Every structure is written in C-alpha cells, then in structure tokens.
Amino acid sequence: MESVDNSNLANLSNLEILKNFELIKQGAEAKIYKGVYQNKECIIKERFKKTYRHPDLDKAITNRRTKMEVNLLQKASSFGINCPKMYFSEKENGIIVIEFIENSVTCREFILNMVKKNLPEEELGKKLKNLSVQIGKIVGKLHYNLIVHGDLTTSNFLIQNHEEEDYKIVVIDFGLSSKTNQTSQNEDKAVDLYVLERALLSTHSQQAELIFKNILAGYETECGSNKKQILDRLEVVRQRGRKRSMVG
Amino acid sequence: MVTIIGFEGSANKIGVGIIRDGQVLANPRHTYVTPPGQGFMPSETAKHHKEHILSLTKQALEEAKITWQEIDAIAYTKGPGMGAPLLTVAIVARTLAQLWQKPIIGVNHCIGHIEMGRLITSAENPTVLYVSGGNTQVISYENKRYRIFGETIDIAVGNCLDRFARVLKLSNDPSPGFNIEQMAKNGSKYLELPYCVKGMDVSFSGLLSFIEQRGPKLVEQKKYTPEDLCYSLQETVFAMLVEITERAMSHCNSREVLIVGGVGCNLRLQEMMRKMCEERNAILFATDDRFCIDNGAMIAQAGYEMFKVGMVTPWEKTTITQRFRTDQVEINWRK
Amino acid sequence: MNDLLTAQLTIPFSCQKHAKIVYETLRVDQEPRKNLIKREISLNPSSVTVAWWAKESRILRVSVQSIIDHIHSILTTIHQFE
C-alpha cells in the first residue's frame with residue numbers, strides 16, 4: 001500500500017455512522033476506504049481536493065462527478081445491471097458510501113492471471129470469449145438505457161467468485177459517467193466503446209483483438225435497435241484517431 | 001565513441017543536432033514563423049526547410065567542432081508530420097548518407113522526444129505526457145514498446161491553443177502557444193469551459209468551438225478580457241492533461257512523470273503537474289524550450305539508441321510517412 | 001493507355017557518381033497517389049531519366065516540379081558537402 005496524506009480523513013470522521021475504516025487505495029481522483037456501514041462492509045470513496053486545478057473547476061468537477069455517480073449507480077441498478085448498491089452520500093464533500101463487493105478481483109487481474117496460467121490456446125480463447133461476451137452485454141445494457149460509462153477499462157469490472165465457473169461480473173466506478181440523449185447517443189456510445197478498445201490494447205495487447213471482438217458480439221445482443229449506427233460511428237471515431245494530422 | 005547527426009523537419013522547425021555518447025555537441029534550429037492569424041502550409045514550410053537545412057548542417061558541425069568523418073550515422077525524422085517538409089529533409093539526409101558513406105536511420109518523431117527527455121532529465125521509467133501541436137498522448141514503456149495509454153480523440157492540445165491564438169490574432173513569434181502563456185499570466189477571471197475526459201482519453205474539439213464562438217463576444221461585451229480567456233483555456237486544458245497523466249500513473253503504479261513536446265515547456269503546465277506529483281510522492285521531469293520544442297538533437301539521440309542496437313534502416317525503407325504511431329516501433333534498446 | 005499524359009526528363013550530370021546519388025536518392029519514394037500517376041526513374045551512367053504517366057495535368061505538374069526541386073536540393077547538398 002502507498003503511504004498517503006491522511007489529512008482529509010477529518011471529513012470522514014464526521015460521518016459517525018462509519019466504523020473501522022481504513023484507506024485501501026489512492027486512485028487518481030479519489031481515496032478509497034473500506035469500512036462498515038450499518039453492520040455491512042462498505043467502500044467509501046472520497047474525491048479529494050486537487051490543488052493543481054483552479055478551485056472553481058475543482059469544485060465543479062467534484063460535484064458533477066459525485067452527483068452523476070450517485071445518480072447513475074442507482075439508475076443502472078434499477079435496470080438490472082450488477083453494480084454496487086448505493087448506501088449513502090455526502091455530495092458537498094464528494095463522499096459516497098457503497099456496497100463492498102466481496103470475494104472479487106478486477107477483471108484486469110482476472111485476465112492477467114488467466115493468461116499467466118499457460119492454458120492451451122483453445123481453452124484460454126474459450127474462457128476469454130465467455131468473459132468478453134458477458135462484458136459486452138453489460139455495456140450494451142448500459143447503453144440501451146442511455147448510460148455512458150465514460151471509463152470502460154478492465155479495472156472497472158469486478159469478477160465476483162472468480163474461482164468458480166459461474167462468476168458474477170460487477171461494473172464499478174461511474175465517476176465519469178453521463179446520461180446521453182437521442183441526438184448525441186451514437187457518438188457518445190461509440191466513444192465509450194473506443195475508450196474500452198484502446199484500454200484493452202494498452203493493458204492486454206496480446207488478447208485485445210479477441211476480447212474486443214467478443215465484447216462487440218455480446219454488445220450487439222443488448223444495445224437495442226441502432227446497433228448499426230453505433231458500430232458505423234465507432235469506425236468514424238477510430239478513423240478520426242488515425243487520420244488526425246500529427247504535425248508538430 | 002558514437003557520434004550521430006540528426007535532422008528534424010516534421011513541422012515548422014528545421015533543426016540539425018549532433019549527439020556524442022549522451023552529450024549534445026550542437027543543436028541549431030530555425031523556425032518558420034507565419035503572420036498572425038495564419039497557420040503554416042506544407043509547401044511553404046518545405047521551402048523554408050530547404051533554405052535553411054544546409055547552413056544549419058554547417059553550423060552544427062562547426063559548433064560541435066567535428067568533421068563529417070567523425071560521424072557514425074545519419075538520423076532523420078521518418079514521421080509523423082507533414083509530407084512535404086519531411087521529404088525535403090529526408091532527401092538531404094539520403095544525399096549526405098551517400099556522400100559520406102554513412103548508415104542512415106529513420107526515426108519516429110515522438111520517440112525522439114521521449115528519448116531526448118530521458119537523456120536530459122535522467123528519468124528512469126517515467127509515464128510520459130507528450131504534448132505538441134500535433135500530438136497529445138500519455139505513454140508508458142512496457143515490454144519493448146512505448147504504449148499509448150491515453151490520447152486525444154480529436155485535436156491535439158497544441159492545435160487547440162494555436163487555433164485560439166489565431167482567433168485572438170496573437171503573434172506566431174516565437175510561437176502562438178508561448179504568447180497564450182504570457183497573456184494567461186495577466187488573466188484572473190475564470191470562465192468555466194467544457195471539460196472532457198473519457199477514461200484516459202481527452203477531447204478538445206468541443207471546448208475549442210465553445211471558446212471560438214463565445215470568446216470574441218465575451219470580450220466585446222467587456223465581460224472577459226482576452227487575457228482572462230487565455231487563462232481559463234490554459235487552466236482547463238492543462239487540468240485535463242494532468243488528470244489523464246495521473247490516471248495513467250495510478251494504472252501503471254508509476255512514480256515519475258516526464259513532459260515532452262512543444263507544449264511541455266509551458267511553465268503553468270509544469271507547475272500543475274508538479275503539484276499533482278507532490279500529492280502522490282512522485283517526481284516531475286521536464287525540459288526547457290531547447291529540448292521540448294522540435295530539434296535535431298532529439299532525432300540524433302533516438303538514432304543513437306537505435307544505432308547501438310543495430311537498428312539501421314535499409315535503403316529502400318528510408319522513406320517518410322505522415323502517420324507513424326509511437327507504439328509501432330520496437331524499443332530494442334530498453335529492457 | 002492513350003488518354004494518359006506523359007512527360008520525360010533526362011538530366012545529365014558532370015560525373016557518374018553524382019548521377020548515381022541523384023538516382024539512389026529519388027528512387028526510394030513512391031508517388032502518393034499511385035492510381036493517378038506512375039513514375040519511373042532510370043540511371044544511364046552519367047544521366048538520370050524520369051518518366052511520368054498521369055491521368056491529370058495538375059498532378060503531373062506537381063510531381064515534375066517536386067522532382068526538379070529535389071534534384072536541385074541534392075545537387076546543392078553535393079556541392080556544399082562533397
């Protein structure tokens with residue numbers, strides 16, 4: 001674990017309902033604590049002040065993201081998507097308290113461990129395919145309900161009961177999420193997929209193609225009637241990346 | 001002792017640099033400056049490079065106090081960049097390679113920036129933020145490649161700054177970005193602008209059209225000064241860059257950041273990045289305009305690394321390419 | 001092939017070495033729009049011949065002009081650094 005500045009704990013300790021919390025991770029924009037809320041294990045996410053950015057901008061970003069996360073976690077859950085339950089939030093302090101997903105690893109570790117095992121190629125392919133199709137379905141479902149996650153990486157899917165064949169996939173971190181609308185939905189969804197594709201390429205470069213292909217296969221079954229428009233748009237977004245003039 | 005001469009001309013600077021075992025012996029360059037409100041066009045830029053490349057080569061040899069016989073290989077920018085200027089430089093590099101009978105090495109421009117930054121700052125294994133007029137990338141070394149973790153999904157940050165400088169009709173001398181930086185120092189009223197981070201990627205086109213459309217009106221109505229707008233623009237785009245860099249660091253467990261590319265000499269960006277680094281016990285490495293801005297030594301340095309592991313370019317492959325991704329090159333010189 | 005525009009340029013040099021440098025330097029690059037223009041370069045001991053076949057005069061003119069520019073650049077480099 002990293003040594004971190006605990007000065008912001010002051011905010012947290014005011015929350016008397018929380019017990020025994022400890023810092024487990026300092027992410028890029030939030031400190032993640034594990035604690036107990038009403039006798040249930042919970043995760044506390046605290047968006048701390050970023051001194052490098054203008055105070056007005058900092059406040060705007062923290063408020064917007066906390067609000068969105070609270071809002072969309074609840075929405076996603078109501079649409080039957082597996083994500084942590086929302087327990088409690090203090091939007092003005094950028095704090096949310098959510099369900100702790102027991103016995104889970106990130107999908108990133110899950111894949112890296114799977115690859116490390118040196119399984120026969122066919123078996124690895126089958127396992128990756130099964131996993132990817134399920135992830136694709138989750139993304140499809142989010143998109144069908146006009147939720148754009150904004151940070152789709154394999155670190156933001158948790159695999160619960162990962163030792164078992166019928167593990168459960170839970171999507172987390174809705175901090176960059178947004179609600180899209182009829183006019184911009186194809187673009188927003190395509191960019192969401194593009195971010196995921198790029199994240200796969202940088203984190204799982206050897207398996208990225210296989211994974212993404214199957215993610216799209218799963219995605220298509222859940223994303224609704226405008227799948228063609230979304231996939232066409234994805235191609236446009238990709239081209240924009242490739243064709244951008246790289247002068248300077 | 002290995003001595004490499006490097007030629008860079010992928011955008012509006014033409015530079016010739018000489019590197020000998022980690023020492024910069026010479027690094028003269030010349031910038032094609034266009035009138036306010038105008039960008040640089042390929043054929044005029046190529047003409048500019050053609051006019052200066054030979055005298056810069058002479059100057060480099062004189063400053064380095066060496067003769068051409070002491071050079072081990074010639075490195076040139078293969079891409080990415082503008083076609084005509086790249087070709088102008090490649091033609092001279094090919095000619096010299098034959099005249100002097102030296103091996104020739106085609107270098108990826110972005111990798112030149114990274115290797116130069118590593119040389120100057122001694123950063124070991126940094127997360128690299130590469131920011132210039134044509135590129136915005138967050139890069140991390142992994143398994144023989146510089147992998148791109150985050151990048152712009154539309155225009156580059158430098159392009160965004162340059163285009164706003166054009167709206168304000170700021171001078172292109174020494175560069176539009178430099179003049180935005182100076183204006184921003186006198187701005188104080190913050191205008192909230194669209195802030196767009198997607199995972200580790202960023203988007204600037206929405207922000208640019210917002211400020212292009214609203215900016216001039218806000219100035220006319222005396223609600224904001226041009227200085228305020230430059231200030232707000234910098235605060236917003238740099239916050240986005242620092243955020244994605246931090247995301248990549250968190251993802252890769254990195255404790256070092258290196259900023260390279262023309263926008264990298266912006267002191268406000270460096271200051272913001274330094275604050276972020278302090279908060280997470282990391283170290284910031286940055287260079288000044290001599291090495292941040294396109295130059296010949298950076299191409300020589302990448303060429304030096306390539307030469308030492310035998311990555312000489314076969315003659316038929318000494319072409320140029322306008323699109324050449326950072327992650328296309330196998331980095332055989334690093335563990 | 002009748003409708004194609006053609007051009008041919010033969011440039012003599014003072015020695016075979018210079019002709020060879022010009023030839024070797026120019027032969028590397030391909031025309032960017034291969035379906036609209038074709039270019040062939042040949043070396044005859046002390047001269048270089050460039051031949052073009054193009055569908056549009058504008059594209060032909062640009063290519064001829066750029067080859068002349070490049071040859072000029074190569075010769076200047078030779079004269080200053082030989």
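Modeller: Helices are DSSP runs of H or I with at least four residues, and strands are DSSP runs of E with at least two, numbered from the N terminus. By that rule, Asn253(B) belongs to the loop between helix 7 and strand 12 (256–260) of chain B. The model is predicted: local features need pLDDT of at least 70 and side-chain atom pairs count only at pLDDT 80 or more, whereas totals for chains, interfaces and linings use all residues. Residues are numbered from 1 along each chain as its sequence is written, and chains are lettered from A and ligands numbered from 1 in the order in which they are written.

Biologist: Why is Asn253(B) called exposed?

Modeller: A residue is exposed if 12 or fewer other C-beta atoms, placed from the backbone, lie within 10 Å of its own, buried if 20 or more do, and partly exposed in between. Asn253(B) has 8 such atoms, so it is exposed. Asn253(B) also has a positive phi of about 55 degrees, although it is not a glycine.

Biologist: How do you know which chains touch, and which pair shares the most contacts?

Modeller: Two residues are in contact if their C-beta atoms, placed from the backbone, lie within 7 Å. Of the 2 pairs of chains in contact, chains A and B share the most contacts. No contact joins chain A and chain C, and their closest C-alpha atoms are 16 Å apart.

Biologist: What makes up the contact between chain B and chain C?

Modeller: Chain B contributes 16 residues and chain C 14 residues. On the side of chain B that touches chain C, helix 1 (42–64) and helix 2 (83–99) of chain B each give two or more residues. Helix 2 of chain B gives the most, with 9 residues. This side of chain B has 8 nonpolar, 5 polar and 3 charged residues, where Ala, Val, Leu, Ile, Met, Phe, Trp, Tyr, Cys and Pro count as nonpolar, Asp, Glu, Lys and Arg as charged, and the others, Gly among them, as polar.

Biologist: Why are helix 2 of chain B and helix 1 of chain C called oblique?

Modeller: Angles run from 0 to 180 degrees between the N-to-C directions of axes, which are lines fitted to C-alpha atoms, for helices over the stretch in contact. Under 35 degrees counts as roughly parallel, over 145 as roughly antiparallel, 65 to 115 as roughly perpendicular, and the rest as oblique. Helix 2 of chain B and helix 1 of chain C pack at about 140 degrees, with axes 9 Å apart. The two helices are therefore oblique to each other. Ile91(B), Arg94(B), Thr95(B), Gln98(B) and Leu99(B) of helix 2 of chain B meet Ile21(C), Glu24(C) and Thr25(C) of helix 1 of chain C.

Biologist: How do you know that the span of helix 2 of chain C is close to the one expected?

Modeller: The expected span is 1.5 Å times one less than the number of residues. Helix 2 (residues 57–81) of chain C has 25 residues and reaches 36 Å from first C-alpha to last, close to the expected 36 Å. Among its buried residues are Leu60(C), Ser63(C), Ile67(C) and His70(C). An α-helix has 3.6 residues a turn, so residues three or four places apart point the same way.
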